[in-house]
Amino acid sequence: MSARCQVTGATPGFGHAISHSHRRTKRRFDPNVQRRRYWVPSLGRTVRITVSARGIRTIDKRGIDAVVAELLARGERL
């Protein structure tokens, strides 16, 4: 599964893991993405969305219909 949120567009960040001796090695900070199913009344079906924790809060605030309409206008596959 890709570590990218379909709602917010959150992608992995990159940086360093710093050990006790202060040696730096490259690491990756992945967003907290999950595969969620939502019932969309306007489409009359459920959709599966890869969404981050912040994206879930966005869906709760704006509503699934508005978010799905924006995803379809952007050309995202549901």
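**From the loop to the core**

Mentor: His22 is found in the loop between E1 and E2. Strands (E, at least two residues) and helices (H or I, at least four) are DSSP runs, numbered from the N terminus. This is a predicted model, in which local features need pLDDT of at least 70 and side-chain atom pairs count only at pLDDT 80 or more, while totals for chains, interfaces and linings use all residues. Residues are numbered from 1 along each chain as its sequence is written, and side-chain values use heavy atoms, with hydrogens and water left out.

His22 is not a glycine, yet its phi is positive, about 70°. Most residues other than glycine have a negative phi.

Arg23 is exposed, at 63% relative accessible area. Exposed means over 50%, buried under 20%, and partly exposed in between (1.4 Å probe, protein chains only). Arg23 is in contact with Ala17 and Ile18, leaving aside neighbours within four places in sequence. Contact means heavy atoms within 4.5 Å.

Now the other end of that contact. Ile18 belongs to strand E1 (residues 13–18). Ile18 is partly exposed, with a relative accessible area of 44%. Beyond its neighbours within four places in sequence, Ile18 is in contact with Arg23 and Arg24.

The arc is that of the directions from the helix axis to the C-beta atoms. An α-helix has 3.6 residues a turn, so residues three or four places apart point the same way.

After H1 comes Gly63, with a positive phi near 100°. Gly63 sits in the loop between H1 and H2. Gly63 is partly exposed, at 23% relative accessible area. Gly63 and Val40 are 23 residues apart in sequence, but 9.6 Å apart C-alpha to C-alpha.

H2 is next. Its buried residues are Ile64, Val67, Val68 and Leu71. Down the axis of H2 they fall within an arc of 95°, so they line one face of the helix. They pack against E3, E4 and H1. Just after H2, Gly75 has a positive phi of about 90°.

These pieces meet in the largest nonpolar core, which has 14 residues. A nonpolar core is a set of buried Ala, Val, Leu, Ile, Met, Phe, Trp, Tyr and Cys residues joined through side-chain atoms within 4.5 Å. Val7, Tyr38, Ile49, Val51, Ile59 and Ile64 have the most contacts inside this core. E3, E4, H1 and H2 are the elements that give two or more residues to it. H2 provides the largest share, four residues.

Thr50 is buried, with a relative accessible area of 10%. Its side chain makes a polar contact of 3.4 Å with the side chain of Arg35. A polar contact is a pair of N or O atoms within 3.5 Å; within protein, one must be able to donate a hydrogen and the other to accept it, and residues adjacent in sequence count only if both atoms are side-chain atoms. The backbone nitrogen of Thr50 lies 2.9 Å from a polar atom of the Gln6 side chain.

Gln6 lies in the segment before E1. Gln6 is buried, at 9% relative accessible area. Not counting residues up to four places away in sequence, Gln6 touches Arg48, Ile49, Thr50, Leu71, Arg74, Glu76 and Arg77.
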